[in-house]
Amino acid sequence: MQFRKALMAGAIAVLISGVGHASVSSDEAKKLGTTLTGVGADMAASADGAIPAYSGGLTSAPSGFKAGSGIRPDPFAGEKPVVTIDAKNMDKYSANLTEGTKALMKKYPGYHIDVYPTHRTAAFPKFVVDNTAKCALEAKTDAGGRSMSGCHAGFPFPIPQTGFEAMWNHLVRFNGVAYDTKYRNYNVDASGHATLSTEGNAVEEYPYWDTSKPDADVFWEQRLTYTGPARRAGEAMQIVDPLNYSDKGRKAWQYLPGQRRVKVAPDLAFDTPNPGSGGSSTFDDVFLFNGSMERYDFKLVGKKEIYVPYNDYKMAYESKADGLLTPNFLNPADVRWEMHRVWVVEATLAAGKRHIYSKRTFYLDEDSWAAVASEAYDAHGQLFRTGFAYITPAYDMPAPVADLHGIYDVMAGSYSLTGFSGETGGVRYTKPMSERDWAPESLAGSGVR
């Protein structure tokens, strides 16, 4: 499919530089709720009908769901694939495959994707849609795109004009206000051996979406308490990300049992190897991208229709690690793929900045703004890593959650899976913790063995 020509000619300089500016005109904003959904996705079906028209998303739970549970049964369990794509027929579908997907098909003869009927399940509470309409007129980026202001409890840029704006939608994406998981992260090396790299408890909150905190200057905070493997049990980590990165920057703390004290940890960002994945990915690979955008220039390319993992309830909540973590790649039988429209954003290393990735491509789901696929290239322009998020909209919230994700190291022949919680209770919505509980000093108590 052709890229959608969605950028105004007069905005080219802004697109490249990310210079702060006011958002769209009132006439443009009127498209929300008419030709566009309340958060900016195209309402209409695709030309060939493979992507249906948006009809409000999935807001009712299947009969097997238990209220309050973190495990969400697959509402599409009875469906069968409409096509299977592998190295033998990939050329026929090449225009709708990411470069990362094609690289995996070329590298591994057994790798394939099972494509199912598309369901646009992303849905949001009414306040999200209402506030997004206001933000479309008032939100702006500052500090060369690194900071965002003028919006609370809504998507700031439902009709993005720059790559920075699109990425802000991903950074503040709506997952709900507060939730926790007992999770496991795994690495599978080039020989096919799977290893538990980390397990623990994760608490995540988005004060940005808390309507009782209109002045919140933090959009996301996370606390991880490691319970395994044995060598890591008792460690803890906390990250706090602000709306104004240029003024405050990320704050991070770490607790190590052997030292018995909480330490400020400014290196828990950018291309620092992430201990949660055993160092097989970077800190800003989490959720395919997170943290400050200061090391890249982000360019909004346009829209494209591609095959991406979507509605992966079977994988997230029903599969077992032993069967899912096969050599070289996740068991294709457990991963559901669908055709969806995505915003394509290209990131190139900014002048004077350092990172192990010289270029990155992100594919943002138009219905949820979550990054659902990514590619990262090394200093020589070779594909280094490719990532996928396995979105499972929480129909009970509703919120399109895409925290479960994996990173394939195309060069090393290994991969990692982060946030697997189907065997340990899934994703549970909670009440926000108190400021006292979020105090860095309390990190020591949460990490005591």
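Select Thr361 and the residues it touches: Val344, Val345, Glu346, Ala373, Ser374, Glu375 and Tyr377, leaving aside residues up to four places away in sequence. This is a predicted model, and the contacts should be read as such. Thr361 lies in strand β13, which runs over residues 359-365. Is Thr361 buried or exposed? Its relative accessible area is 6%; because the cut-off for buried is under 20%, Thr361 counts as buried.

The charged end of Lys359 sits over the ring of Tyr377, 5.7 Å from the ring centre. For a second case of this kind, go to Arg295 and Phe270. Here the charged end of Arg295 sits over the Phe270 ring, at 3.9 Å from its centre.

Next, select strand β8, residues 236-242. How many of its seven residues are buried? Seven of the seven are, so β8 is largely enclosed by the rest of the structure. Colour the two faces separately. One side carries Ala236, Gln238, Val240 and Pro242, and the other carries Met237, Ile239 and Asp241. Both faces are covered.

Strand β7, residues 218-228, pairs with β8 in the antiparallel sense over seven bridges.

Move to helix α4, residues 126-138. What does α4 reach from its first C-alpha to its last? The 13 residues span 19 Å, close to the 18 Å expected at 1.5 Å a residue. Within α4, select Val128, Asn131, Thr132, Cys135 and Ala136, which are buried. An α-helix has 3.6 residues a turn, so residues three or four places apart point the same way. With the buried residues of α4 still selected, show α2 (26-29), against which they pack.

Last, show the aromatic side chains. The model has 27 aromatic pairs when ring centres within 6.5 Å are counted. Which residues form one aromatic cluster? Select Phe124, Phe127, Phe155, Phe174, Tyr208 and Trp209 to display it.

Definitions and conventions. Residues numbered from 1 in each chain as written. Predicted model: local features only at pLDDT ≥ 70, side-chain atom pairs only at ≥ 80, totals over all residues. Heavy atoms only, no water. Helix = DSSP H or I, 4+ residues; strand = E, 2+ residues; numbered from the N terminus. Buried < 20%, exposed > 50% of the residue type's maximum accessible area, 1.4 Å probe, protein only. Contact = heavy atoms within 4.5 Å. Expected span 1.5 Å × (residues − 1). Pairing = 2+ DSSP bridges. Phe/Tyr/Trp six-rings, centres within 6.5 Å; stacked < 30°, edge-to-face > 60°. Lys NZ or Arg CZ within 6 Å of the ring centre and 35° of its normal.
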